[in-house]
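This report is meant for a reader who is new to the structure shown below. Please look at the sequence and the model before reading on.

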Amino acid sequence: MTDYPALHGPSRPDWNCLVCGDPWPCLTRKRQLKELCRCNVRTLVRYLTSYLPDAQAEITGMSSADIADRIVGWCARPLEMWAVEENTRAVPDRGWRRDQP
């Protein structure tokens with residue numbers, strides 16, 4: 001898979017974004033990856049799973065489950081959910097609510 005230039009790539013070993021300093025993948029990178037994978041969740045998960053061994057070895061102070069959720073767990077969630085979690089700014093309401101199953 002070809003990738004965007006690693007502008008919003010992870011700094012290592014802390015795994016924060018090289019550009020904005022947010023935990024990687026940052027909101028910009030998530031949007032880029034969703035676009036790159038054309039919202040194909042399986043492809044996106046497969047791609048990001050390749051980062052897990054290095055991330056789990058290098059990130060300290062987080063459980064392996066939390067690291068996996070940070071790197072891969074957002075992939076199947078609606079944009080409105082992960083965009084709001086990372087940014088406190090308002091996201092346009094598109095009819096999805098967090099309390100819906």
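The sections below cover a helix pair, a nonpolar core and a group of aromatic rings.

## Basis

The model is predicted.

## Helices H1 and H2

Helix H1 spans residues 27–36 and helix H2 spans residues 41–49. Their axes come within 10 Å and cross at roughly 125°. H1 and H2 are therefore oblique to each other.

On the H1 side, the contact is made by Arg 29, Leu 33 and Lys 34. On the H2 side, Leu 44, Tyr 47 and Leu 48 take part. By residue class, the contact of H1 with H2 has four nonpolar residues, two charged ones and no polar ones.

## The largest nonpolar core

The largest nonpolar core has 15 residues. Within this core, Leu 44, Leu 48 and Ile 71 touch the most other members. At least two residues of the core come from each of three helices: H2, H3 (52–58) and H4 (64–73). Leu 44 and Leu 48 of H2 also belong to the contact with H1.

Leaving aside residues up to four places away in sequence, Ile 71 touches Trp 15, Trp 24, Pro 25, Leu 48, Tyr 51, Leu 52 and Ala 55.

## Aromatic rings

A pair of aromatic rings is described by the distance of the centres and the angle of the planes. The count of aromatic pairs comes to four.

Trp 24 lies in the segment before H1, while Tyr 51 lies in the loop between H2 and H3. The two residues are 27 residues apart, and the pair links distant parts of the chain. Trp 24 counts as buried because its relative accessibility is 1%. Tyr 51 has a relative accessibility of 22% and therefore counts as partly exposed.

Tyr 51 also pairs with Tyr 47. Here the ring centres are 5.7 Å apart and the planes stand at 80°, so the pair is edge-to-face. Tyr 47 has a relative accessible area of 15%, so Tyr 47 is buried. Tyr 47 is also one of the H2 residues in the contact with H1.

Together, Trp 15, Trp 24, Tyr 47 and Tyr 51 form one aromatic cluster. Among these residues, Trp 15, Trp 24 and Tyr 51 are touched by Ile 71.

Conventions: Residues are numbered from 1 along each chain as its sequence is written. This is a predicted model: local features need pLDDT of at least 70, side-chain atom pairs count only at pLDDT 80 or more; totals for chains, interfaces and linings use all residues. Side-chain values use heavy atoms; hydrogens and water are left out. Axes are lines fitted to C-alpha atoms, for helices over the stretch in contact, and angles run from 0 to 180 degrees between N-to-C directions. Helices (H or I, at least four residues) and strands (E, at least two) are DSSP runs, numbered from the N terminus. Angles under 35 degrees count as roughly parallel, over 145 as roughly antiparallel, 65 to 115 as roughly perpendicular and the rest as oblique. Contact means heavy atoms within 4.5 Å. Ala, Val, Leu, Ile, Met, Phe, Trp, Tyr, Cys and Pro count as nonpolar, Asp, Glu, Lys and Arg as charged, and the others, Gly among them, as polar. A nonpolar core is a set of buried Ala, Val, Leu, Ile, Met, Phe, Trp, Tyr and Cys residues joined through side-chain atoms within 4.5 Å. Buried means under 20% relative accessible area, exposed over 50%, partly exposed in between (1.4 Å probe, protein chains only). Rings of Phe, Tyr and Trp (its six-membered ring) pair if their centres lie within 6.5 Å; planes under 30 degrees apart count as stacked, over 60 as edge-to-face and the rest as tilted.
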